[in-house]
Amino acid sequence: MKKLSVILALSMSMCLLSSCGTESEMTSGKTSLDKTPSDKITISEAASSETTSAGTSSAESSSVESKSSKSSQNVAESSCSLSLYADFGSDDVKKYTYDYNGGGESPEDYAAALSGLTGLDFVITAAWHGTDLYVDWNSKSTLISGLDDREQKQEFFFYDHDSLSWFMMDSLWQTLQMNFDINNIYYTMDGGKELTPMDLSPISSIPADSPYATSNYYKYSNTPENEQAADNYLGTWGCGRATLNISVNEDGAYQAKISWADSAFAHTEWVYILYFDTMSKEMVCNNNAVRTYYEYKDGNSEPEITVMYTDGSGSFFLSDGVITWYDAEENCGEGMEFVK
């Protein structure tokens, strides 16, 4: 009986222990459930951290894209269309529009654009002196170094260095004249030396102290035929009350002076500084003609002098012994024919 009591007591203890274990597990289970919100917060923060990271990455990507976009925009802004002129001689000048990735603000930019257009090396440095431009050709330019073994573009193909040289010098001159407010352009080479392109004809060099005058002048102005044609203008010519005298002044330039009697006490005078255009065979004045009006009160008084303008233009053309006068300012020479 006593033994049975002990057995019963042991059984009850085991049941109690079993019950406590189950309750402990339940309590432990509850604790686990209670931590779930905290776990969710951690995951949410991680997600937020990932989102922030993704946002940072997105921002970085956006920044990169923005920089790329700005870079592209800067490239686009620095790209421009330039007007270039290719002078093939004998008044054959072609205009091209060229997309240039640069400022397009300097003579060097236009020279570089001509390089891209033609496949020839227009390597220069340029310096302004007022409205005069001094262009120095680098020894690496095709004008100085020659064509070498490069493959020429079909549209700009040259068989000899003479025609190539005139093309490069005339094309740069035309392009700069058309894109900048220039009075004169001077050419030199290698830091200011006289320009001596290879195999140039009919002259061997371009004077450094004289403005470049294009191939038409250098090729044709010094021929005996042209000299004779220019000399034919010299002398005194008349047309009614107007007298025209064309002469060579002290510095070798041609000068025309017209005196037109308005009355016994007044007359008008025009003075033109001229050059002989070898292509048109005309005597031409660009923007330096002076018109002056003289009026006398009587036969013994000094005249009152009024300068009407100092920047006129005009030309004279000789044909069959008759000179016609074109006055670009007021068309005063219309219908007038001067003869010797």
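Helices, of at least four residues, and strands, of at least two, are runs assigned by DSSP and numbered from the N terminus. In the predicted model shown above, the protein has 6 helices and 13 strands. Of its 340 residues, 32% are buried. Contacts across the sequence can also be described in general terms: among those between residues at least 6 apart, 47% join residues at least 24 apart. The paragraphs below follow several of these elements in turn.

Strand β4 covers residues 132-137 and pairs with β5 in the parallel sense over 5 bridges. Within this pairing, the bridge partner of L133 is I185 in β5.

Is T188 buried or exposed? T188 has a relative accessibility of 11%, and it counts as buried because this value is under 20%. The side chain of T188 makes a polar contact with the side chain of D136, at 2.7 Å. Leaving aside residues up to four places away in sequence, T188 touches V135, D136, W137, K193, L195 and A208.

The next topic is the aromatic rings. A search of the whole structure finds 19 aromatic pairs. One of them is formed by W128 and F180, whose ring centres are 6.0 Å apart and whose planes make an angle of 55°, a tilted arrangement. This pair links distant parts of the chain, since W128 lies in strand β3 and F180 in the loop between α4 and β5, 52 residues apart. The two partners can also be described by their accessibility: W128, at 38%, counts as partly exposed, whereas F180, at 17%, counts as buried.

Another pair consists of W166 and Y218. Their ring centres are 5.9 Å apart and their planes lie at 25°, so the pair is stacked; the cut-off for this class is an angle under 30 degrees. W166 lies in helix α4 and Y218 in helix α5, residues 214-220, so the pair ties together parts that are 52 residues apart in sequence. Both W166 and Y218 are buried. These two residues also belong to a cluster in which ring pairs link F122, W137, W166, Y187, Y212 and Y218. A ring may also have a charge as its neighbour: the charged end of K94 sits over the ring of F88, 5.3 Å from the ring centre.

Helix α4 spans residues 161-179, and N179 lies in it. How exposed is N179? Its relative accessible area is 26%, and N179 is therefore partly exposed, as the value falls between the limits of 20% and 50%. The side chain of N179 reaches two backbone oxygens: that of S83 at 3.0 Å and that of T175 at 2.7 Å. When residues up to four places away in sequence are not counted, N179 touches S83, Y85 and Y110. N179 and P107 are 72 residues apart in sequence, yet their C-alpha atoms are 8.9 Å apart in space.

Strand β10, residues 282-295, and strand β11, residues 304-319, pair in the antiparallel sense over 10 bridges. Here E282 has F317 in β11 as its bridge partner. Strand β11 also pairs with strand β12, residues 322-327, in the antiparallel sense and over 6 bridges. In this second pairing, G314 stands opposite D327 in β12. How many residues lie between β11 and β12 in the hairpin that they form? There are 2 residues between them, and D320 in the turn has a positive phi of about 55°.

Conventions: Residues are numbered from 1 along each chain as its sequence is written. This is a predicted model: local features need pLDDT of at least 70, side-chain atom pairs count only at pLDDT 80 or more; totals for chains, interfaces and linings use all residues. Side-chain values use heavy atoms; hydrogens and water are left out. Buried means under 20% relative accessible area, exposed over 50%, partly exposed in between (1.4 Å probe, protein chains only). Contact means heavy atoms within 4.5 Å. A polar contact is a pair of N or O atoms within 3.5 Å; within protein, one must be able to donate a hydrogen and the other to accept it, and residues adjacent in sequence count only if both atoms are side-chain atoms. Two strands pair if DSSP finds at least two bridges between them. Rings of Phe, Tyr and Trp (its six-membered ring) pair if their centres lie within 6.5 Å; planes under 30 degrees apart count as stacked, over 60 as edge-to-face and the rest as tilted. A charge sits over a ring if NZ of Lys or CZ of Arg is within 6 Å of the ring centre and within 35 degrees of the ring normal.
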